[in-house]
Amino acid sequence: MNYLLGAFKPACNISVTFTDGKNRKQVPIKKDNGQTVMNPLFQSQETIAGKVCIEPYQGKKVEHNGVKVELLGQIEMYFDRGNFYDFTSLVRELDVPGEIYERKTYPFEFPSVEMPYETYNGVNVRLRYVLKVTVTRGYAGSIVEYQDFVVRNYAPLPPINNSIKMEVGIEDCLHIEFEYNKSKYHLKDVILGKIYFLLVRIKIKNMDLEIRRRESTGAGANTHVETETLAKFELMDGAPVRGESIPVRLFLTPYDLTPTHKNINNKFSVKYYLNLVLVDEEDRRYFKQQEITLYRLKEETSS
């Protein structure tokens with residue numbers, strides 16, 4: 001029985017190391033099994049280089065029809081689990097058909113790789129970058145090993161960043177104006193603003209400001225939208241009076257935010273909204289929602 005179990009073990013161990021892996025920033029990524037692993041961080045136009053090591057298990061030799069490494073950028077929809085849509089696909093042939101009797105190391109290099117989209121793990125979709133090593137074999141079945149890495153892309157300060165000014169109200173009952181200092185924020189930014197009460201004829205109990213993330217997957221009739229409330233910040237507790245103004249000061253650093261993603265490879269979008277919520281003494285809710293743009297600032301390398 002032990003012999004049969006051993007027959008199904010892979011014939012070799014495959015490992016992938018990055019040339020500058022020890023000095024490169026590591027980022028936590030949650031796996032399918034719920035575990036969190038650290039992966040190296042890259043950005044678009046960087047060179048991805050390293051070594052593939054193949055080591056046969058003791059007493060075994062590995063007959064193969066070739067060895068290759070692929071750099072893949074992939075999108076996976078969770079309703080179509082297991083099917084990946086490749087938007088980046090590069091390949092390097094590492095070895096011609098033959099046999100491996102002992103530990104063998106293959107260097108590889110993908111220079112100046114264009115990686116236009118950030119790594120993203122959402123509710124119904126994920127975007128990942130991976131190195132895929134394949135030892136091609138016939139009847140025995142190919143041996144495949146994956147090594148993930150993370151991509152984050154940085155943006156400069158937007159040249160135009162207009163403030164947001166809006167009004168909301170219920171005729172003859174409530175009229176408020178709210179103002180946010182800008183419409184585009186980096187992930188370590190602070191949202192500053194003010195809420196003005198011009199007319200108050202209903203008894204307001206409290207007012208909150210929420211950050212909501214809206215993830216859209218699919219297209220047309222098959223579009224699926226998932227909305228998460230990532231932050232809820234109390235602005236006011238108690239009834240306001242006419243002429244009162246409430247300051248807004250919300251730090252983004254504590255929250256699990258990503259840049260805004262617009263129509264990524266025609267597969268998904270991620271948008272963010274500021275949602276102002278008022279609750280009266282009868283627990284009726286009044287709200288006004290405003291879209292904002294989030295981006296990753298170049299200097300913000302500590303995130």
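**View 1. Four strands make an open sheet in the order E13-E14-E16-E19, with antiparallel pairing.** Strands here are DSSP runs (E, at least two residues), numbered from the N terminus, and two of them pair if DSSP finds at least two bridges between them. This is a predicted model, so local features need pLDDT of at least 70 and side-chain atom pairs count only at pLDDT 80 or more, while totals for chains, interfaces and linings use all residues. Residues are numbered from 1 along each chain as its sequence is written, and side-chain values use heavy atoms, with hydrogens and water left out. At the edges of the sheet sit strand E13 (164-170) and strand E19 (245-251), each pairing on one side only. On average, neighbouring strands of this sheet are turned by 20° against each other, direction ignored (axes are lines fitted to C-alpha atoms, and angles run from 0 to 180 degrees between N-to-C directions). Zoom in on strand E14 (residues 174-180) and strand E16 (residues 190-200): they run antiparallel and are joined by 7 bridges. Leu 174 stands opposite Val 200 of E16.

**View 2. Strand E22 (residues 285-295) runs parallel to strand E15 (residues 184-186), with 3 bridges between them.** Look for Lys 184 opposite Thr 293 in E22. E22 also pairs with strand E21 (residues 268-280), this time in the antiparallel sense and over 8 bridges. There, Leu 278 has Tyr 286 in E22 as its bridge partner. The hairpin of E21 and E22 has 4 residues between the strands, and Asp 283 takes a positive phi near 65° in it.

**View 3. Aromatic rings pair up, for a count of 9 aromatic pairs.** Rings of Phe, Tyr and Trp (its six-membered ring) pair if their centres lie within 6.5 Å; planes under 30 degrees apart count as stacked, over 60 as edge-to-face and the rest as tilted. Phe 108 and Phe 110 have ring centres 6.0 Å apart and planes at 55°, so this pair is tilted. Both Phe 108 and Phe 110 are buried (under 20% relative accessible area; exposed is over 50% and partly exposed in between, with a 1.4 Å probe and protein chains only). Tyr 129 and Phe 149 make a tilted pair too, at 5.9 Å centre to centre and 35° between the planes. Since Tyr 129 lies in strand E11 (residues 125-135) and Phe 149 in strand E12 (residues 143-151), the pair ties together parts 20 residues apart in sequence. Tyr 129 and Phe 149 are both buried.

**View 4. Lys 267 has its charged end over the ring of Tyr 85, 3.7 Å from the centre.** The rule for a charge over a ring is NZ of Lys or CZ of Arg within 6 Å of the ring centre and within 35 degrees of the ring normal. Arg 128 lies over the face of Tyr 146, at 5.6 Å from the ring centre.

**View 5. Glu 118 is buried, with a relative accessible area of 6%.**
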